[in-house]
Amino acid sequence: MLTTGSPAPELALEDTAGQPWRLSDLRGAHSALLYFMRSTSCPICNRHVRDLVARRDQFAADDVRVLIVVPEARDAGLAWKTDHGIPFPVLVGSAGTPHESVGLTRKIFGSMRQSGTVLVDTDGIIRHAHGATLPVNSYDKKGIIGAIHSMRGRSTA
C-alpha cells in the first residue's frame, strides 16, 4: 500500500468511454480522491460510493476530484456507473488491475483484491492512503476529511 507523504505513482487508467486517464494530468490543478472498489457488486463498497456521492459538494468546495476505480472491464464499469447514477468518473485498468498499481492486493491462498482510498494533493503527494481486505474497513471517512482539511491549512475540530 502507498504511504502518506510519498509521491503518488503514475497511474495510467482509462475511463468508461475508453479515454486514457492519468493522475499526473491533475497535478497543479486539482487534488484527487480515488476510491478503489473491491468490485461493483460489493454492497459495502457501493454504500461507500453513496457516501462519496452525498459529500460531492464538500469535495468540490475543496477542489478535490473524486474518482471511482473498479476492477471490472470498461463495459461493466459503464453499466454500473449508469445503473447507479454515479456522477464521478469511473476508471478501469487499461492493462492489468488498477488495484495492483497502488498495492491493494494481498496474498492469501492466491491473490485477493482489497478496497481502499488514496488522496493525492495538487503537487502529486499522497496525503491519505488507506486499504483493507474487508470492505467494511476500507473507507476511512474521518481520515479522508481530516487529510483534506490539513491540505487546506484548516483545523479539523
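The largest cavity in this predicted model has a volume of about 40 Å³, where a cavity is a set of points, on a 1 Å grid over the protein atoms alone, at which a 1.4 Å probe fits but cannot get out, and where a volume is the space filled by probe spheres set on the points, with grid points joined across faces, edges and corners. The model is predicted, so local features need pLDDT of at least 70 and side-chain atom pairs count only at pLDDT 80 or more, whereas totals for chains, interfaces and linings use all residues. Residues are numbered from 1 along each chain as its sequence is written, and side-chain values use heavy atoms, with hydrogens and water left out.

**Overall architecture**

- In sequence order, the elements of the protein chain follow the pattern β-β-β-α-α-β-α-β-α-β-β-β-β-α.
- Of the 157 residues in the protein chain, 45% are buried, with buried meaning under 20% relative accessible area, exposed over 50% and partly exposed in between, for a 1.4 Å probe and protein chains only.
- Among contacts in the protein chain with a separation of 6 or more, 62% are between residues 24 or more positions apart, a contact being heavy atoms within 4.5 Å.

**Cavity and pocket**

- The structure holds 1 cavity of 30 Å³ or more.
- The lining of the largest cavity is formed by L23, L26, R27, H30, S31, A32, V120, D121 and G124, lining residues being those with an atom within 4 Å of a point.
- That lining of the largest cavity divides into 4 nonpolar, 3 polar and 2 charged residues, where Ala, Val, Leu, Ile, Met, Phe, Trp, Tyr, Cys and Pro count as nonpolar, Asp, Glu, Lys and Arg as charged, and the others, Gly among them, as polar.
- The largest pocket has a volume of about 170 Å³, a pocket being an open set of points with protein on both sides within 12 Å along at least five of seven lines.
- Residues W21, L26, R56, F59, A60, V64, R65, V66, L67, F88 and P89 line the largest pocket, and the elements that give two or more residues to this lining are α2 (56-61) and β4.
- Strand β4 supplies the largest share of the lining of the largest pocket, namely 4 residues, and the lining as a whole comprises 9 nonpolar, no polar and 2 charged residues.

**Strand β4 and its neighbours**

- Strand β4 (residues 64-69) is mostly covered, with 5 of its 6 residues buried.
- Strand β3 (residues 31-36) runs parallel to β4 and is joined to it by 6 bridges, two strands being paired if DSSP finds at least two bridges between them; one of the residue pairs is Y35 with its bridge partner I68 in β4.
- Strand β5 (residues 90-93) also runs parallel to β4, with 2 bridges between them; in β5, L91 is the bridge partner of V69 and V90 is the bridge partner of I68.
- Strand β1 (residues 12-15) runs antiparallel to β5 and is joined to it by 3 bridges, and E14 has V92 as its bridge partner in β5.

**Salt bridges**

- The count comes to 5 salt bridges, each defined as a side-chain nitrogen of Lys or Arg within 4 Å of a carboxyl oxygen of Asp or Glu.
- The side chains of R74 and E14 form a salt bridge with an N to O distance of 2.9 Å; R74 lies in helix α3 (residues 74-84) and E14 in strand β1, so this pair ties together parts that are 60 residues apart in sequence.
- R74 counts as partly exposed at 37% relative accessibility, whereas E14 counts as buried at 17%.
- K141 and D51 form a salt bridge in which the closest N and O atoms are 3.6 Å apart, and this pair links distant parts of the chain, with K141 in helix α5 (residues 141-151) and D51 in helix α1 (residues 43-54), 90 residues apart.
- K141 is partly exposed, with a relative accessible area of 33%, while D51 counts as buried at 19% relative accessibility.
- D51, R55 and K141 are linked in a network of salt bridges.
- D63 and R65 also form a salt bridge, with the closest N and O atoms 3.4 Å apart; D63 is partly exposed at 27% relative accessibility, and R65 is partly exposed with a relative accessible area of 35%.
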